[in-house]
Amino acid sequence: MHRYLSLFLLLALSCSPSGRQRGEDGLVQARLTQEALSRQYLDPETTILSESQRLALESLGGLNFFPVSAAYIVPARLERYEDPEVITMPTSSDRLAEYRVYGRVSFELLGRPDTLTVFETTMTQLPEEYRNLLFLPFRDRTTGTDTYGGGRYLDLPKPGGDRILIDFNRAYHPYCAYSYGYSCPVPPAANFVDQRVEAGIRDTDLGE
């Protein structure tokens, strides 16, 4: 299952940070996005959690996140590939997910330069709001300790130019972090941030 086809994305789109939102407004929007994700998992109508997990989450007051920080809202340069390759990405199941290698983003995080690859789905039967998204799966030094061992995801609205803002405060776990039976893309080995990205979602112990 494509995790990013979710109610969470509707809010992510409406609250996507612009270049003017790296200050307090950007932090407020990141908190709103995190709160919306918690509500999605707490709502019996939208959650993928079992009832016992949902009740456990309710007792905790929602999902667990790193503190929101402006240091993790970073401007990046987007290099689009002229003839993007279509690849099959391994998932947590036997299924292979097909993506187009859209390009790469180059940025500086906590004083260290980095480059990651961004993808777009090849699926055509999608609502318009989903077609404008880039998919950024990644791992970092918190993976497998403070965050899900399968990595985390970011969804980035496609910019008109070659500049894009990456807000790691909005990093989220795939469904596979909470429930079996889903097929979640595995971040490519090259999409590894060689430091602790202490932003966005972190592990939440729901007892299952």
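Starting from one leucine

A: L57 has a relative accessibility of 0%, so it counts as buried (that means under 20% relative accessible area with a 1.4 Å probe, protein chains only; over 50% is exposed, and anything in between is partly exposed). Before going further: this is a predicted model, where local features need pLDDT of at least 70 and side-chain atom pairs count only at pLDDT 80 or more, while totals for chains, interfaces and linings use all residues. Residues are numbered from 1 along each chain as its sequence is written, and side-chain values use heavy atoms, with hydrogens and water left out.

Back to L57, which sits in helix α3, residues 51-60. Helices (H or I, at least four residues) and strands (E, at least two) are DSSP runs, numbered from the N terminus. Setting aside neighbours within four places in sequence, L57 is in contact (heavy atoms within 4.5 Å) with Y41, L42, L49, G62, L63, T204 and L206. L206 is 149 residues away along the chain, yet the C-alpha atoms of L57 and L206 are separated by 6.3 Å.

One of those contacts, Y41, leads on to the aromatics. The whole structure has nine aromatic pairs, counted for rings of Phe, Tyr and Trp (its six-membered ring) with centres within 6.5 Å; planes under 30 degrees apart are stacked, over 60 edge-to-face and the rest tilted. Y41 pairs with Y175: the ring centres are 6.4 Å apart and the planes stand at 85 degrees, so this pair is edge-to-face.

Because Y99 lies in strand β3 and F119 in strand β4 (residues 112-121), the pair ties together parts that are 20 residues apart in sequence. Y99 is at 0% relative accessibility and therefore counts as buried; F119, with a relative accessible area of 3%, is buried as well. Y99 and F119 belong to one aromatic cluster together with F135, Y153 and Y172.

Now the nonpolar cores: sets of buried Ala, Val, Leu, Ile, Met, Phe, Trp, Tyr and Cys residues joined through side-chain atoms within 4.5 Å. The largest holds 22 residues, and V105, F107, I166 and F168 touch the most other members. Two or more residues of this core come from each of β1 (73-80), β3, β4, β5, β6 and β7, and β3 gives the largest share, four residues. Apart from this core lies another, of 21 residues, and Y41 turns up there, among others with A97, V101 and I201.

Strand β5 (residues 133-140) is worth a look too. Seven of its eight residues are buried, so β5 is largely enclosed by the rest of the structure. On one count, β5 pairs with β6 (residues 152-157) in the antiparallel sense over six bridges; strands pair if DSSP finds at least two bridges between them. L133, for example, has P157 in β6 as its bridge partner. β5 is also joined to β8 (residues 192-193), running parallel, by two bridges, and here D140 partners V193.

Strands β2 and β3 run antiparallel and share five bridges, with T88 standing opposite E98 in β3. A hairpin of five residues links β2 to β3. T91 is found in that loop, between β2 (86-90) and β3 (96-109), and at 9% relative accessibility it counts as buried. The T91 side chain reaches the backbone oxygen of R95 at 2.7 Å. Beyond neighbours within four places in sequence, the contacts of T91 include S183, C184 and P185.

That C184 takes us to the last stop. There is one disulfide in the structure (a pair of cysteine sulfur atoms within 2.5 Å). It joins C176 to C184, with S to S at 2.0 Å, and both cysteines are buried. The torsion about the S-S bond of C176 and C184 is about 95 degrees, so the disulfide is right-handed.

Conventions
A polar contact is a pair of N or O atoms within 3.5 Å; within protein, one must be able to donate a hydrogen and the other to accept it, and residues adjacent in sequence count only if both atoms are side-chain atoms.
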